[in-house]
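Please read it alongside the sequence and the model.

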Amino acid sequence: MSRRWVAGVVALVLIAAGCSSGGNDDVRVAPGFDDPGDCTVVDLAVSSEKVALMTELARVFNASSEAQTDNGCIFARPQGKASGAATTLLGTDWDEAAEGPRPVIWSPASSAWGAVLNQRLADEGKPAMAPEGRPFMQTPLVIAMPKPMADALGYPETPVGWEDVLRLARSEDGWAAYGHPEWGPFRLGKTNPNFSTSGLSALIAQAYAATGKTSNLSREDLDNPTTEAFATGVESAVVHYGDITGTFLNNWYRTDREGTSLTYASAVAVEEKSVIDYNTGNPDGVLDAGERPRKPRIPLVAVYPKEGTLYSDNPLFVLDAPWVSGAERKAAARFEAFVQRPANQRKVLEFGFRPGNPDVAVASPVVASNGVDPNQPKTLLDIPTPPVMIHLLEKWAEQRKSARVLIVLDVSGSMSEVADPSTGETRLDLAKSAAIEALDQFKDEDEVGLRTFTTSEDGTKVVIRDVLPIQPIGPNKEGLRREIGNQIPLFGTPLYQVTRTSFQEVLDGYDPTRINAVVLLTDGQQDDGDQSDDDAQERAMLEVLRSTQGETGKPVRIFPIAFAQDADKGVLKTIAEATNSASYNATDPKTITKVFTAVVSNF
Amino acid sequence: MPPRLARLLASVVALALVGGALYLRSRGDDDGAGGPASGDRRYRVVCVEELQPVCDALAGAGLEVTVERAGETAGRLADGTADFDAWITIDPWPEMVQVVRDQGQRPAVFDPSVELASSDLVLLLADDQLAVDCGWDCAVDASGQQRRIATPSMADGFGPQVVAWAFASHIGRADYSRADIEAPEGARWLDRLASFPPNAAAEDQMATQGAAAYIAAGTTEQRATPALTSVRGKANGLHFGTPEVPARVDAVVAPVRGRNDTRSLVQRLTDQNATKAFVDEGWTAPAVEGATGLPAADLLVALREEIDR
């Protein structure tokens, strides 16, 4: 095995370590699951999309006679754990104090994660941990498109695939070629394949499409100039990346209400179940307390790529791990048999998935009226071997759309407050170290600049300091690290003004070949010493931010990161929504690095 | 005889009887005389992955089961020694191990295998364009980039058997030789069959995903039937083809040579409980008698080498 391959695996796993969006994907043990009594405990680590379902099934199981054995009882205890993060933890050192109990059963979104884990363990001379897993539920990767756009392409009568995505991405006419100049250029949404199963599946599918193959994708295929050009072409249409598809779906849903969804994104690579969720009025698949589903005005259509696609098969791996006892293994088998029962498998349908048990028919909501086709997909693709997958990710790191990013750092006085009492680190300390660590995720060609903001000591003047101009990060990474490290807390927080001017500066230098963005790190609220004009400043700022979105605009995204509980998260969310991006919450010192990783995954 | 002496003699005889019984028990049936069932004897068996449900059902008091892929066990035994008492596997894996050991002039590691259960090899079809009279040649002819065929890996319990059977079907006889495998036409056919990534669990995928997953799969009847009769298997039109040459596989236990007391293990694996465990998993138990329709073990080794090459 080559050193490069080993390095690649390590890189993948290190990158995947941040596979959660500010901790949102990592759901700890649910209420009511904290006291298993004297039962044999079957801890489960499951990917976020099935936490609610698995929790429900575990509750029923624990209370049933199925959980009673001759020697006592079984207690199934699920916790949410993003697939990539769990892959890393299982391959390294699962710290139970920080990450919750080590699992007996691991259920990532796709079997591909099991292959990556086993490969990593093999590289270290350790035995495989993920055996063959039976699919618990399935959902294919699709290209979601607003219905008018799918109609314009003639789908489903005319098959559509990645080849068409490429053609649209390269077209200077964009949607005008289909009689819809008002929709602007073709805009593609894809998640970062180092973080997201959908992103990884989309990357595999587009590589196969470039080669015309459905199996045996090889390193040579990926190094073929035609394949490289195909990949670069598709990536050129990406609006931004990110760690979860929910960002795209939420933005689509919000802009749908504003009547601008067709100019936000033309297509997004998501799982079929997300199309069902969206069309039933629940775009992120989670109904918060009091939230009522409301169907969108323009529904999505699931396009099953003509070149073939992959299923997320949600296997249940009963781990071959040293901490799994024989009794736990038997108990796990019992729980697995329980969830495979037809009555329980029918529940996966309620969540928009297809049952893993062949004895349960695919039924509503996997129906045409929800924009999906239960008779598709007709062509499936094989998961490449782990070495090819790693090479694919290495190629993607080179081929992905480059970024042009201004990091705007709040150095107001309140950033000196202690954020982590256990270490005494201040908010600014944590922000600096997380930002410095995240710099490694940028590729050398990305252009990154650093700006700080505060007020003068008497609060009368806004002090914005351009520490480093926007420039290629490759040769300037060390300087950037040093400058971030040098920052100290000062005075006030002129949030609106710095947001507006930073946005304007990135807009002035807009580069259509790049993702143009501002990363705004702040702990507080607007505080420039004069509250009388705050409302007017906010309105003026939002007007500027919104003015450039749309079909003829130059989209510049602002990704705000809130550092303190008292940060004005409402305003930060509004700023993000005004630029069709996402805001992030880094108020828990333990998750700051993860949050930064998630933010930079957008580029 | 004085009463005290009689009691003493009776005690001595009783002690001798108890001691003798314990001695016999400790020896088990090693003398071949069909001694008492050795309930306290713990057996360490390696079980091939494909038989895991059966082995799990039989595991427990006195039977310690380690589940392992057939190719891994075979690889370890090619030039090593067995650290277990018996291998519960698919025929003719134990003979295949010996073929490889013979090449290195190593002694036999197993006593002759004992058949436990049988299952026919079947060609499962998911494409309605492939009729019930479609055999291996028909399936391979219909295959292509987006029309894949599933066979198990050559390291899986059924892998060499399925491929050997497919090739027998292709040339119309089971008594072929290495020359047939290496002949240009034969090698081309095998290359085409082996061009699809192996998958030992294609049945459920074919049931849930239809021909998009695979148009055909070589497997066993006990694995294919649940998929074929499932709701989605029926909806996706799964059906059996008609291979040119019939064949079956046998589940066997191969006792490790020189181990004590393996006869009672074999008895245990052929008793009513074991038979039920096999039948519950769709096997025919006791095993069917007569030839399996598969070529000899050395040909299966040759096929492994050819496919791996």
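Two residues are in contact when their heavy atoms lie within 4.5 Å. The model described here is predicted. Chain A contains 22 helices and 20 strands. Its radius of gyration is 24 Å, close to the 25 Å that the globule rule gives for 603 residues, so chain A is as compact as a globular protein of that length.

**Overall form of chain A**

- Along the principal axes, the C-alpha atoms of chain A occupy a box of roughly 75 × 60 × 55 Å.
- Of the 603 residues in chain A, 60% are buried.
- Where contacting residues in chain A are at least 6 apart in sequence, 77% of the contacts join residues at least 24 apart.
- Chain A exposes about 22,700 Å², and carbon and sulfur atoms supply 50% of this area.

**Packing of helix 18**

- Helix 18 of chain A spans residues 477-486, and its buried residues are K477(A), G479(A), L480(A), R481(A) and I484(A).
- These buried residues pack against helix 17 (427-438), strand 16 (447-455) and strand 17 (462-472) of chain A.

**Salt bridges within chain A**

- Over all chains, the count of salt bridges comes to 50.
- One of them joins the side chains of R77(A) and D43(A), with an N to O distance of 2.7 Å.
- This pair links distant parts of the chain, as R77(A) belongs to strand 3 (residues 72-80) and D43(A) to strand 1 (residues 40-46), 34 residues apart.
- Both R77(A) and D43(A) are buried.
- R254(A) and E577(A) also form a salt bridge, their closest N and O atoms being 3.9 Å apart.
- Here R254(A) lies in helix 11 (residues 246-258) and E577(A) in helix 21 (residues 569-578), 323 residues apart in the chain.
- R254(A) has a relative accessible area of 9% and is therefore buried, the cut-off being under 20%.
- E577(A), at 26% relative accessibility, counts as partly exposed.
- E163(A), D164(A), R167(A) and K306(A) are joined into one network by salt bridges that share partners.

**Salt bridge between chains**

- R134(A) forms a salt bridge with D204(B), and the closest N and O atoms are 3.9 Å apart.
- The pair crosses from strand 5 (residues 134-135) of chain A, which holds R134(A), to helix 9 (residues 202-209) of chain B, which holds D204(B).
- R134(A) is partly exposed, with a relative accessible area of 35%.
- D204(B) is likewise partly exposed, with a relative accessible area of 27%.

Notes
Residues numbered from 1 in each chain as written. Chains lettered and ligands numbered in written order. Predicted model: local features only at pLDDT ≥ 70, side-chain atom pairs only at ≥ 80, totals over all residues. Heavy atoms only, no water. Helix = DSSP H or I, 4+ residues; strand = E, 2+ residues; numbered from the N terminus. Rg over C-alpha atoms; globule rule 2.2 N^0.38 Å. Buried < 20%, exposed > 50% of the residue type's maximum accessible area, 1.4 Å probe, protein only. Areas by Shrake-Rupley, 256 points an atom, 1.4 Å probe, with all protein chains shown as cover. Salt bridge = Lys/Arg side-chain N within 4 Å of Asp/Glu carboxyl O.
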